Amino acid sequence: MSKHWKRAGGSSRAAGLTATAAMLVALVVAVFGLSASAGASTTGRAASAPLKVAFLYENATNDLGWDTAMYEGQQGVVAKFGSKISVTDKVVPDGPEDVTAVKSLVAAGYKLIFLTAFNQQLYVNPAKFPGVHIVQAEYVGILDKKMPSNTSTYFTVDADGFYLAGMAAASVTKTGQVGIICGEPISDNLAESNGFALGAQAVNPAIKVRFTCTNNWDSVSIAQNAARGLINAGAGAIAFLTTGAGPGQVAAEKGIPWIGYQTQQKAVGAKSYLAGVLWNLKPLFLKDTQQALSGTWMSHTDYVSMTEGTTSFDESGALWKEVPAKVKAEIAAKQKLFESGKATPFSGPLYAQSGKLISKTGYALDSTQVTDMNFLVKGVIGTIPKG
Amino acid sequence: MSAILPAIPIRLEKRTERTPSWVQAATPVGAFLFAFVIVTVILLAGGHNPLQSYNAMLQASVTSTSAISQTLVSATPLLLTGLAAAVAFRMGIWNIGGEGQLYIGAICASGVALAIGAHGIGLALPAMILAAMVGGALWAAIPGLLRAYLNANEILTSLMLNYTAGLLLDWLINDSNSYWRDTSGASAYLVAHGKTIPGAANWPAIGGGNFSVPFGFLVGLVLAALLFVLVRHTWLGYQLRVTADNPGVGRYAGMASKRNFVIVMLLSGAIAAIAGASQVGDFTHILDPTGLQSPQYGYTGIVVAALGRYNPLAVVISALLLGAITNAGINVQSATFPQSLTGVIEGIILFCVLGSEIFSRYRVRVGAEKATVAA
Amino acid sequence: MNRGLVIQLIATGIFYGTPMAIAALGELLAERSGVLNLGVEGMMLMGAVVAFWVSRDVSGPNGLVLIIAVLAGAAAAAAVSLIHAFMTITLRANQVVSGLALTIFAGATGLSSYVGDLANLGGNPGRHIMNAINVFGLKDVPILGPIIFNQPALVYISWVIAFAIYWYVNKTRQGLHLRAVGENPEAADAMGVSVTRYRYAHVLIGGALAGVGGSFYTLVISSEWTDGITSGAGWIALALVILAFWRPAGVIAGAYLFGVVSALGANLSARGVQLPPEVFSALPYVLTIAVLAIVSSGWGRGRFGAPAALGVPYARDGG
Amino acid sequence: MPNEPDRRVALAAYAVTKRFPGVVANDNVDFEVLGGEVHALLGENGSGKTTLCKMLTGMYQPTAGRIEVDGKSVVMHSPADAHHNGIFMVHQHFSLVERLTVAENVMLGWSLDGSRIRFKRRKAEQEVARLAEQYEMPVDAGKMIGDLSIGERQRVEILKALCRGARVLILDEPTTVLTPQEAERLFASVRGLAKAGNSVIFISHKLHEVLAVSDRVSVLRRGVMTGTVELGDHAAAVDRKELARMMVGREIELGRRQRAARAQEAATAGLEIKELVVHNDLGTLAVDRINLNVAAGEVLGVAGVAGNGQREFAEAIAGVRPRSGGEVFVGGTPVRSGRPLAALAAGMAFVPEDRMGIGLASGIDVAENLVLKSFRTGAFSRGPLIRRGRVVDNANTLLSGYELRGGPSSLVGQLSGGNAQKVLLAREMASQPKVLVIAAPTRGLDVGVTETVRKLIAEAADSGTAVVMISEDLDEVLDLADRVAVMSGGRITGIVDAEGADVEEIGLLMMGQEQAA
């Protein structure tokens, strides 16, 4: 047998593979190259350069929850400033790709970027983008203990809104029990849950307040599971701090009054919608955009709630009529006090779940105690998950 | 012989000789062209201007150095999980557990980084990679041993382990005071998060200015070369190929097919775990459950391996390609170009390349078989 | 009091187990014919989004619109499963990779979410919802009331589907052919049974049932659309098929077990007992691995193992 | 005595040709089968007889020519079409579904009472039991196929066809899996079927069977019909040599191997087996205390019906399967159980029955398959790396003795059966083994290769290798072996000298009747 087979065999397979690789790369470059030359560049600057503003979301902006409330703020900005600004938004799942998105926005000349989610702060370090103003919901301070100069933040705690909701819920429940789904056991959720409990206890001191944590922010089925759990356990009215209107749907199906949150959600279960603690972030976003436009933007930290008008109490629920007139009056009065900043839900005497006195009569918790709250008030049935 | 569509006289005839190399080269290219056509049609149907979209995608991923660096950020995990899947699938072992092995790698690497990171990168980096490889290999050993000794289907066991690993990750950060969780400072109560690894343990990126190659990508390139040599040119690779092709022949020739099966599984798990270590070392510098779970690098790695026909060198190219597409998808994304379109485009490309596989095993004959029936 | 909890748990378990059961019944048929389809998650999401689209845009009597919505969801999922069928049966591509590609193509970040964007389904609720019906007015019967007689229609339909599949597989000629195609396609082909036609048919039916399972999330559990709303149910359905040893009755029982376990965590925490939710969620997966190990080892393979030709493309000329 | 056929042409093929890429399986073949006739189709392996029958049953479509049923020209695209025309084929390896019962297998693709949907399991079992009685094919209708013996499975195959109203039954080499006595009962059933008016096509490559059962015999060689011979009442007078010539074309010297006058030498110990006990995959006893000695240079034939432990016996000796008990010695040195490498080191070579299943890796190329057992010697490696050049050189030298189509880098999976066996033998003989264990050496090979293989076995023996040749083809064993050991039910039921052995006695031994001590 001739020796000519010797080399030919082995190498033919390798040739095939290198041919594949070369062909592949050539194709990719050719195809993309073609379209590069043809496409006109779309990033030319218009005459008087409008301010470029961008919003970065972690979930779709139609989740009827946190991101929808943020999106309403964005629409407010667009409506107000029109052609003076050019606005875009991106939905990027949390992770290193947040940095990719921000880098591409900065490269495209965006000067004002709203980061809407906590987790984005694990990746995007504002200090790395000095020329850009970055507005964040709550400053988590992981990457940089000190807040960089190009960053501002607003801190929403709706304990006051949920106090009113607690009063309304306590007044309509038929089982002497109300329930709240807390989602992640973070400080402002605990403050809102305690506000809800204190409001309910103000109307009915013997009321039972059930508290449950799902440790999950955006899963519809987990939140609904928790809602079923509360109702099965006897809750006659429920509120929830998870994003999305899932639990409201379950409550409506079982005829249990429910409290909406962040954005108008009553369409999901209108017949048993009681009331809503709604956000209005327009004033915040408008202030930042105006300052950026006029070049007077400085870093600031806002601590917002009813007093600043960013939280409102919606009484347009079908079941609102079942709230006794006396309680309606008390709610209205309390709301005026909250809006004028003369009262806070956490005025003494205030006891922790364990019975320990937190603050004596006549004294209220100060803002840092609220922002770092890690306890449940007396009368609440439920435990904060460890950690 | 079976007709593709009885109506159209196209028949598939099994090739009885070796596939000519021009066919081996042309099939993937043909597949990409076909995918390109379908994607263009979908873009038109969705009301996008294809050329504009392609241009924007191009600018986001290839034309500028910073774009290329960003592409490498997405491509690095895909290269590593791609190689992990390629080495396993090439040996006929369906390791779908890359995703879970990635999480375990991240957990081990961040644990080691937190412990000894302060002693400088010289010690931290190798330790992180080693720890991740050990963790990933052990996690992959479960489906490996169950399949080798109990004949349990490794597709499903590795799939179930992905979810178990994800829940372990959530538990470590969200639900327990584990070593990984940062419970100090006010931020601990704002959002549950892990401890940031010491600065010294951050992996270096190579290259200056706005062009930088993540260290993990270089590890991937080295691994690709090593795997290519291992599979094609070493006697261990030969034994693995024989036992993969036919375990009976392996036993007949005195090769421990069960042991080889487990070796490949451990190797695949270890490589996938390096992707986890690279995410912590190169990019996130923190153990973050959502950041690791949302991009689904483990599953996309299988796509990368399939596109590269399980050949380590071709996997480098397909990883870069998918990295570019993912990266471009983020940049092009706006209200009119939703992020979900990237998933659709990736799916179409994979289906076309997968479908083209058949043409290397079969020859297409046009015209029905001449079954002339005499009057 | 805890007797009430047990009843509630079982009722919730059945409710949350049903979508997974229906999708698993579909996958059972596809696997019985020898085709593994890892794209169940993608198909369920297609069913969910299309069903919701119909529920939001079509006006008419609630019952009728819901039927149309479920059928539309089933059709959409079946259409997507056709891609997998063509890939794996006609082009004999690798079933594992093709199934994963299907979930990437149609899943949470793919076509289903793209359809959601195009039709702007997010944020505005559907106009039709399938509520629990009061069967024969027995809703308030002490024990069985909430469990059996107060469930949405799809739960009862899932029982009918399960029995129909049991009857079809074991009591009809076509069922016999299906079993033969899954166990030994060469033998079935030699007896004049068209392996290709059977595999196509059962992958499509599998897709349709996955679509019905998916529509449960947007027509019954909630009437709103969010990307990836089934959140992993497709993968649990795959596990269910194995846990049930490829038998319909086992699928129903396994699904309800999963439902109870996932409901247990929430119900306990509502009663003040806060256990890490991850433990409950991990239980089903760990259970599947254990059962798989037992079933596949020598003891179980004879009676309970997977169809012999599962995952192997069939070609008359040896492929 | 076969009865008088009723002259009606039940099934025929006229000027039928079938071309596969690179080979013409049937070339312009004419073939007629009369009603109520047993028509044998004789031909060597690879002569095209199976391809012809696949065309008669719609599995393949003829490239040219036509097929007629009862005189009418038909085109059949699938077995189902053939079944409509009453044509059924019983294949050599059965197409039965292991996990279904006998009744379910029979009912596959057919309706008992015409009902399109309903399948009543109990009623089907009763019906199948009744039919089994009627055609004297006793089998338990409710048992799972997985639990049946090979003989029972064949009866189920035949029963499947008969239940469906087969008028023309094609049996493809049915006796290879039967003992002579079971074969005899099969011939009786076949004659019964013919008497009842059915036609039977009996495919075989064994002369004595054809003469014993058929009315006429047609002979195929290399795809061409060389002639049809009337047997009928003067079967005995037919010239066997003439038929063999028609079958094989040239006077193949199939004569017996000339025994080198070696019996007198001191029989140096080749292979010694003491009290060998082996279990099969399901854990049941397959080899029951076998004792054997094979001297160097001797060819020991192991005859017996398939499935009597031969496979486990061969694998246990070659170390591929662990021994449950007993000792194996090669040239006096013991070989550890279940250690293929130990057997290899001791000088053992093994050519398995399942060439592509165990012997060769189909996805790997020829050159790398040839070093399957020698790659550890280091001759082909530089450290852990493969020296491709050395491996290809080795392939060229080993294959120089055989004309092998396709070079060292063609994939083994693409080789024909004959070429694969050549590669296997080249590899095993390369190490000049002390003992060669070879199973089913010539199954499925065409005449040319069969001749080469037999020559090789003879050369091996003459060069001093102790050869253990396991084959179901009794003629081949008698031609090549010095002594014949017969295996039945896992035991050696008797050892006879091949010279002048009595086939009848071997048949009884195969049936398990112990040889008078």
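This is a conversation about how the terms used for this predicted model follow from its computed values.

Visitor: What should I know about the numbering and the model before we start?

Guide: Residues are numbered from 1 along each chain as its sequence is written, and chains are lettered from A in the order in which they are written. The model is predicted, so local features need pLDDT of at least 70 and side-chain atom pairs count only at pLDDT 80 or more, while totals for chains, interfaces and linings use all residues; side-chain values use heavy atoms, with hydrogens and water left out.

Visitor: Happy with that. Why are α4(B) and α6(B) called roughly parallel?

Guide: Helix α4 (residues 98–116) and helix α6 (residues 154–175) of chain B pack at an angle of about 30°, with their axes 7 Å apart. Angles under 35 degrees count as roughly parallel, over 145 as roughly antiparallel, 65 to 115 as roughly perpendicular and the rest as oblique, so α4(B) is roughly parallel to α6(B). The axes are lines fitted to C-alpha atoms over the stretch in contact, and angles run from 0 to 180 degrees between N-to-C directions. Helices here are DSSP runs (H or I, at least four residues), as strands are (E, at least two), numbered from the N terminus.

Visitor: Which residues make the contact between α4(B) and α6(B)?

Guide: With contact meaning heavy atoms within 4.5 Å, α4(B) contributes B:G98, B:E99, B:G100, B:Y103, B:I104 and B:I107. From α6(B) come B:N162, B:A165, B:G166, B:L168, B:L169 and B:L172. By class, that contact has seven nonpolar, four polar and one charged residues. The classes are nonpolar (Ala, Val, Leu, Ile, Met, Phe, Trp, Tyr, Cys and Pro), charged (Asp, Glu, Lys and Arg) and polar (the others, Gly among them).

Visitor: Let's turn to aromatic rings. What makes the pair of A:F114 and A:F285 tilted?

Guide: Rings of Phe, Tyr and Trp (its six-membered ring) pair if their centres lie within 6.5 Å; planes under 30 degrees apart count as stacked, over 60 as edge-to-face and the rest as tilted. By this rule there are 31 aromatic pairs over all chains. The ring centres of A:F114 and A:F285 are 4.6 Å apart and their planes stand at 55°, so the pair is tilted. The pair links distant parts of the chain: A:F114 sits in strand β3 (residues 112–115) of chain A and A:F285 in helix α8 (residues 282–294) of chain A, 171 residues apart.

Visitor: How do you know whether A:F114 is buried or exposed?

Guide: Buried means under 20% relative accessible area, exposed over 50% and partly exposed in between (1.4 Å probe, protein chains only). A:F114 has 1% relative accessibility, so A:F114 counts as buried. A:F285, at 1%, counts as buried too. Ring pairs also join A:F114 and A:F285 with A:F55, A:Y57, A:Y71 and A:Y154 into a cluster.

Visitor: And why is the pair of C:F163 and C:Y166 called tilted?

Guide: Their ring centres are 6.2 Å apart and their planes are at 40°, so this pair is tilted. Both residues lie in helix α7 (residues 153–171) of chain C, three residues apart, about one turn of the helix. C:F163, at 54% relative accessibility, counts as exposed, whereas C:Y166, at 38%, counts as partly exposed.

Visitor: What makes A:T153 a buried residue?

Guide: A:T153 has a relative accessible area of 3%, so A:T153 is buried. This residue lies in strand β5 (residues 151–156) of chain A. Beyond its neighbours within four places in sequence, its contacts include A:Q136, A:Y139, A:M147 and A:H300.

Visitor: Why does B:G92 count as partly exposed?

Guide: The value for B:G92 is 36% relative accessibility, so B:G92 counts as partly exposed. B:G92 is found in the loop between α3 (65–90) and α4 of chain B. Its C-alpha atom is separated by 7.5 Å from that of B:D245, 153 residues apart along the chain.

Visitor: What makes helix α7 of chain A mostly covered?

Guide: Seven of the eight residues of α7(A) (residues 246–253) are buried. What covers them includes β6 (177–181), α6 (220–232), β8 (238–240) and β9 (258–262) of chain A together with α10 (195–221) of chain C. Helix α8 (residues 173–183) of chain C is mostly covered as well, with eleven of its eleven residues buried.
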